[in-house]
Structures are given as C-alpha cells and as structure tokens.
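Let's walk through this chain together, one part at a time. Keep the viewer open as you read.

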Amino acid sequence: MPQCGETCAHPYPAPAFVRALKVPCARYGEWLEKQAQSCRLRDKREGKPGIEEYRKRIHQAVLASEGRDFYTGEPLEWNRLNHVLPLSGGRKRHLQRGHYPSVDHYTGTSCLDFRLCSALVNHAKGPLSHQQFLELCQKVVSQRQRREAAKRAA
Ligand SMILES: [Zn+2]
C-alpha cells in the first residue's frame, strides 16, 4: 500500500477535503476511474481524447470544487464514496443516490468541461444549460411565492 500524504504514489491523490472524510486515495481513484469511463462513453465525438484526459480533467474539476456542489454551494458527501452506490429505482434509493458526488457535463457531453454537483442536482438539471436550469429554479420559486401570496390574500 502506498503511503498517502507527502509520499503518496497515487497518480490522482484524493484531495484533502476527501481524505478528511476518511476516503482513501485508492477508493477516490476507483470513483474517478468510473466517472472518467462514463464521461468518455457519453462523449460521441470521433477521435475523442483517451481516458487519461478525462481522468485529469475530472480530477481538476474536483479540486476546483473545493468539495462543494457547483450549483447549490452545499458540501458534497464525499464520505459516500466509501459505500456502494445503491441501484437506481425507487424513491428512497433515488434520494440516497442523490447525495453522491456527481460529475456534470457543464457545456454538453462533447467536451471536457466538468463541474461537480450532487447526483440529485445533476438529475434535476438534466440536459439543461446552467442558464436554463437557473430559469427553471426561479420559475419554481416564483410560482411558490405567488401561491403563498394568494393564500395570504384569501
Ligand atoms: Zn494517496
């Protein structure tokens, strides 16, 4: 086992905020590998970059996130990397899955521009751009406020 810290031998060492939650570099590396493979698979370009480029860019996005959800600013639950991802399906399992750190294709699936967010936020955002997602969230909040105001007026 390579020693972690100053003498870490992992090509992509778990960032300090991940290690602080007792996720070892090896587990982080497995997660990174899975994300890289899945992002590369969804990239439909001819002559897309090799897997190493995806690993590198996702790792950079993780470092840039400082551990937080890009869209909500909430801390991501990196400790969940120590647990097996529940299978999808079912409301409860879906909500559990929702806490996992997830890689968002920020500007579409055909480029290496990634952001970190929770799986739930990623799911809610779907194929929307950041601007479209923001507008949708604003509409939801505005409608809620209109209903509340109407209730108070009644
Ligand atoms: Zn390490």
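**A helix in the open**

Of the 24 residues of H6, the number buried is 0, so H6 lies largely in the open. Here a residue is buried if 20 or more other C-beta atoms lie within 10 Å of its own, exposed if 12 or fewer, and partly exposed in between, with C-beta atoms placed from the backbone. H6 covers residues 130-153 and reaches 34 Å from its first C-alpha to its last, close to the 34 Å expected at 1.5 Å a residue. That expected span is 1.5 Å times one less than the number of residues in the helix.

Before going on, a word on the source: this is a predicted model, in which local features need pLDDT of at least 70, side-chain atom pairs count only at pLDDT 80 or more, and totals for chains, interfaces and linings use all residues. Residues are numbered from 1 along each chain as its sequence is written.

How confident is the predictor? The mean pLDDT of the chain is 90, and 89% of its residues reach 70 or more; pLDDT is the predictor's confidence in each residue, from 0 to 100.

The chain has 6 helices and 2 strands, arranged from the N terminus as α-α-α-α-β-β-α-α. Helices (H or I, at least four residues) and strands (E, at least two) are DSSP runs, numbered from the N terminus. Buried residues make up 21% of the 154 residues in the chain.

Now turn to helix H2 (residues 25-42) and helix H3 (residues 51-65), whose axes come within 9 Å and cross at roughly 115°. Axes are lines fitted to C-alpha atoms, for helices over the stretch in contact, and angles run from 0 to 180 degrees between N-to-C directions. On the H2 side the contact includes Leu32, Ala36 and Cys39, and on the H3 side Ile51, Tyr54 and Ile58 are among the residues involved. Two residues are in contact if their C-beta atoms, placed from the backbone, lie within 7 Å.

Two loop residues deserve a look at their backbone. Most residues other than glycine have a negative phi. Lysine 22, however, has a positive phi of about 65°; lysine 22 sits in the loop between helix H1 (16-19) and H2, and counts as exposed because it has 11 C-beta neighbours inside 10 Å. Glutamate 66 also has a positive phi, near 50°, and is found in the loop between H3 and H4. With 12 C-beta neighbours inside 10 Å, glutamate 66 counts as exposed.
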